[in-house]
Structure formats: structure tokens, C-alpha cells
Amino acid sequence: MNVTVKTVEAVLLLLAVMLLAMPAAAQERFEDPQLRERFSELTRELRCPKCQNESIAESGAPISEDMRERVRRMMREGATDEEIRQAMVDRFGSFVSYRPEFAPRTWALWIGPFVALVIGVGVVLALVARNRARRQLDSTPLSDEERRRAEQWLRDE
Amino acid sequence: MNRIWLFLPLVLAVTLGVVLYWGLGEDPSELDSALVGREVPSFELPMLREAESPARPEMLKGKVQLLNVWATWCAACRVEHPHLNRLAEQGVPIVGLNYKDERDKAVEWLAERGDPYTQVIYDPEGSLGFDLGVYGAPETYLIDAKGIVRHRHVGVVDQDVWESDFEPLYERYRQDG
């Protein structure tokens, strides 16, 4: 008898702990599945300033909870995704956006790969062109004068 | 083709190495504030000790001063507090922003440890903190006479930080104003 009571207690305790351990984002969700989807996408694109490598959707830091709350509020007030993202960047800096903006300080980030690609293609084309030119040169038959000089050199060897 | 071009890949690799090595020395938890160069956001909050009287955004204008974000739950604030007391003794005006805290505890803390603040804004919900981009306490802002944020430091402001990061700016903006 006693054992059963203890078991029940243990199971209840375990359930309670599991409830506590539920992700913070699960609290107070949007009813509308479309809004829920939008909220989840937005919070996954915003980075927690405190924990650095977690989005605010995953993070349990208090600041992430505050940020999620602000996202919810702005969504209810009818703000667009861009407005919400901008509001966060205005406060916490461009660091919080997992999608860096296209600004002078991020030009190298956005354009760099394409510049590298163009340079790479350029180098390959130049090498191919040079190789072809050399092969063409190799296959040109020697003139009589050249043949005579080559034979001369070989004899001198 | 000029032979010197053969060294180009080496030069590029070394340059990249230097840039990346330099990046290693940066503290990734130190974010540049979006607020530097901009005015302190407006707010409607009470004072900590005088619950009835509202804190006014104008209190952050008129002179160069520090805005220090603190809370009794914040362990590093304990470390920072004596440093703030000393700065206040030296005549540096510091406005406190009590962040996500309980009024009674905060008042008690100041009674126990000394009060370096000229005034303390009470922000239990962290609403001004949010607009400032605060993501942990303590944080300290240098605000010039026009109410514009000139510098932000995340973490404890001790003697070293004060001398290297704050004091030169503090003196400069005091001369400007």
C-alpha cells in the first residue's frame, strides 16, 4: 500500500518536473495556426543577445522571454515582420538578426563570395587560354630555318 | 607572366590569417550598442525611493553622467558597487536604473552598501532596459549633456574599465558641453 502511494507520488513529481522543463516558447501561444507559424519563424530568425548561439525561440534566458513577448505584442498590434525585425535591431544591434542587412559594413560578407567566384573563374580561363596557346605553339611545324638551327645545336652538344 | 604573381596566394593566405587571428582576440559577448550616438529612449517610470514621483527623461540631460543598470539579483553588481561608490565620491554623477527588481530589496541594498546614485529610476518590468537593449546587468552608459548615449559597457565598471574606456570620453564630453 505504502509502496503504491510512493510510486504515485514519484510519478506526479516526475510529471511536474516535465511540465517545468517544457520549452518556454510553448507558453501563451497564438490560437491561429498561421500566426503561430509566423511567430515561430520570426523568433527563429532573431538571436538571443545573451546566449549568442541560440535563437530567441530556443533560449530560456529572461531577455529572450522579453523579446518573444515583444514580438507577440507587435504581431497583435499588426506590425509587419520587417517592422518587428527592425525594432529588435534598433535596440540590440544588427547582431540579433540571423539575416544580416545589406549595409556598407556587410558588403564584404554579401559580395565577397561572388568576387571570389569571379576571380576563380578568371584564373581558370586564363590558365586554359595559356595552355591552349602553348599547345598551338607546340604543334606548329618548324620552318626550314628553325630545323637547321635545332640540328646545329644538337650537333654542338 | 610575372613571377611576383606566384606569391599572391601566399599574401592572401597570410592576410586572411592575420584578420582571423585578430578576430580571435575579440570578446564575442561584447556587442556594439545600437544606441551609441542616439538619444536615450523616452520612458514613463517611477523613481525607486519616491514611488509617487515620476522619473523624467530630462533627468538624463543637462550634464555628462553615467546611467548604471543594476539589480539586487545580479551577482556582478555586488562586485561593481564599491567601484560606483568611489566614482560617486570623486564627483561623477551616476543615475541608477533598477532593472527587473523589487523595490524593497533595492532600497535595502542601497541602505546597506551605500548609495552612489544621484537618482534611481525604478523599472520592474525592464521596459526602459528593453529599449536600451539591456541583456544583462550590470550595464553602464555614458550620456552627454544633450542626453545622447556616447558609450556603453556590458559588465562590471571597475577602476581599469573606468580609466581606459570611460574617463577619456567623460572628460572630452564635459569640455564640449
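**Exercises on a two-chain model**

B:Gly62 is exposed because 12 other C-beta atoms lie within 10 Å. The model is predicted, so local features need pLDDT of at least 70 and side-chain atom pairs pLDDT 80 or more, while totals for chains, interfaces and linings use all residues. Residues are numbered from 1 along each chain as its sequence is written, and chains are lettered from A and ligands numbered from 1 in the order in which they are written.

**Exercise 1.** Place B:Gly62 in chain B, and state how far B:Leu132 is from B:Gly62 in sequence and in space.

*Solution.* 
1. B:Gly62 belongs to the loop between β2 and β3 of chain B. Helices (H or I, at least four residues) and strands (E, at least two) are DSSP runs, numbered from the N terminus.
2. The cut-offs for exposure, with C-beta atoms placed from the backbone, are 20 or more other C-beta atoms within 10 Å for buried, 12 or fewer for exposed, and partly exposed in between.
3. In sequence, B:Gly62 and B:Leu132 are 70 residues apart. In space, their C-alpha atoms are 20 Å apart.

**Exercise 2.** Is B:Lys100 buried or exposed, and what is its phi?

*Solution.* 
1. B:Lys100 sits in the loop between β4 (94-99) and α3 (103-113) of chain B.
2. B:Lys100 has 20 other C-beta atoms within 10 Å, so B:Lys100 is buried.
3. The phi of B:Lys100 is positive, about 50°, although the residue is not a glycine.

**Exercise 3.** Which peptide bond is cis, and where does its proline lie?

*Solution.* 
1. The bond from B:Ala137 to B:Pro138 is cis, with omega near -5°.
2. B:Pro138 lies in the loop of chain B between α4 (127-132) and β6 (139-143).

**Exercise 4.** Describe the confidence scores of chain B and of the model.

*Solution.* 
1. Chain B has an average pLDDT (the predictor's confidence in each residue, from 0 to 100) of 90, and 95% of the residues score at least 70.
2. The model scores ipTM 0.76 and pTM 0.72.

**Exercise 5.** How many helices and strands does chain A have, and what share of its residues is buried?

*Solution.* 
1. Chain A has six helices and zero strands, in the order α-α-α-α-α-α along the sequence.
2. Of its 157 residues, 14% count as buried.
3. Among contacts in chain A (C-beta atoms, placed from the backbone, within 7 Å) with a separation of 6 or more, 38% join residues 24 or more positions apart.

**Exercise 6.** Describe how α2(A) packs with α3(A).

*Solution.* 
1. Helix α2 (residues 33-45) and helix α3 (residues 62-76) of chain A pack at about 135°, with axes 11 Å apart. Axes are lines fitted to C-alpha atoms, for helices over the stretch in contact, and angles run from 0 to 180 degrees between N-to-C directions.
2. That angle makes α2(A) oblique to α3(A). Under 35 degrees is roughly parallel, over 145 roughly antiparallel, 65 to 115 roughly perpendicular, and the rest oblique.
3. On the α2(A) side, the contact residues are A:Leu35, A:Arg38, A:Phe39, A:Leu42 and A:Thr43. On the α3(A) side, they are A:Arg68, A:Val71, A:Arg72 and A:Met75.

**Exercise 7.** Describe how α3(A) packs with α4(A).

*Solution.* 
1. α3(A) and helix α4 (residues 81-92) of chain A pack at about 145°, with axes 10 Å apart.
2. From α3(A), A:Met67, A:Val71 and A:Met74 meet A:Glu83, A:Ile84, A:Ala87 and A:Met88 of α4(A).

Conventions:
Contact = placed C-beta atoms within 7 Å.
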